[in-house]
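Here is a friendly note on the aromatic rings, to read with the model open beside you. Please take the points in order.

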Amino acid sequence: MVGQKHTIFVTGFPGFIAGRLAQRLANAETVMWLLVQPSFVELAKSEIKRIAEARGLATEQFRIIEGDITKPNLGIAKESLVEIRESVNEIYHLAAVYDLGVKRDVAFSVNVEGTKNVNEFARSIKELSRYYYVSTCYVAGKRSGRILETELEHSEGFRNFYEETKYLAEMEVEKLKSELPVTIYRPSVVVGDSETGETAKYDGIYYLIQYLMIAPGLLRLVNVGNEIVKLNLVPVDFVVAAMVALAGDTRTIGKTLALADPNPLATAQLFDHIAEKLIGKHSVLTPPSPLVELFLKSPISPPATGLPHSGVPYFFISQTYDTAAADEMLKPYGITCPQFDSYVGNLIDFVKKHPKL
């Protein structure tokens, strides 16, 4: 099977996005090498079995390769390296630490050094047709205003080591555009599936959902959002659908595409949409934004609201993300980001059914 036309190498499996991407990319003509950390091998086997059954494929088309992107040659055994290097056509690099509160050493090891190692691995592939790297819109750090897909380098600083290391990692991948067929994807805040509501963890907008669920009749009265700041949300199925549609599309070579909502809602609107789905009523009072931010950064806020201090800045970011290039590339495929009000009910239903993940 290794000699077949289409052989894909994926990092980050069986992660939330990587697992869904593998399922959508899988077909009878594809072999998939899935780089899996040793501690996740059993989970990966279970996920492969599920994907193979869902797609009507043989599990032999999915090959788990134990490894670690923080190690030279991705920690792959020598006997496997030769076969992989000779067979792989495409690379999808999704492995990263996505925790906003991640420690510096871990973030630099995984996000920066790990990406450098994947870059070197990509250089060693004999017939590489595409290298897709999943970054984030938040490489923009503390910049304000409209962020273009063509913009990356800046000196405005970052809110945390997650942002900083993803920025440095994207800088490394950007350098490869002159020698390899690279495409960089920048999702904004990825939430659950727009149809099933399924997600892997509760953060971001889920803090607000869980907060209002404590006592929706009372807590919905005071809107902790504002009408100025917009929080850009994208459901995971949109992100995956976009990457699958653009797989092999030569127009994207050398491009950086923001997989973000071109019409994001203000945080106050997000609050009211959640309240509407929970209790059928909107907020009554919206305090000044600085006052709300001050409260959310106070010691009493996390236990009272469930929102950790690391997540507070993302409800007060004064930046938006241009999606012109991504919109143009996705237009022929009819893929657009759904509006929050069309799927927020599904997110809430999932949280109700699965209060703890």
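The points below go through the ring pairs and then the charges over rings.

1. Before you start, note that this is a predicted model, in which local features need pLDDT of at least 70 and side-chain atom pairs count only at pLDDT 80 or more, while totals for chains, interfaces and linings use all residues. Residues are numbered from 1 along each chain as its sequence is written, and side-chain values use heavy atoms, leaving out hydrogens and water.

2. How many aromatic pairs are there? The count is nine, where rings of Phe, Tyr and Trp (its six-membered ring) pair if their centres lie within 6.5 Å, with planes under 30 degrees apart called stacked, over 60 edge-to-face and the rest tilted. Y202 and Y206 make a tilted pair, with 5.2 Å from centre to centre and 40° between the planes. Both Y202 and Y206 are buried (under 20% relative accessible area, with a 1.4 Å probe and protein chains only).

3. F340 and Y343 form an edge-to-face pair, because their ring centres are 5.6 Å apart and their planes lie at 80°. F340 is buried at 2% relative accessibility, and Y343 is buried at 1%.

4. Look also for Y92, Y132 and Y185, which ring pairs link into a cluster.

5. Finally, find the charges over rings (NZ of Lys or CZ of Arg within 6 Å of the ring centre and within 35 degrees of the ring normal). R104 lies over the face of F108, 4.3 Å from the ring centre. The charged end of R159 is over the ring of Y314, at 5.8 Å from its centre.

Note on methods. Buried < 20%, exposed > 50% of the residue type's maximum accessible area, 1.4 Å probe, protein only.
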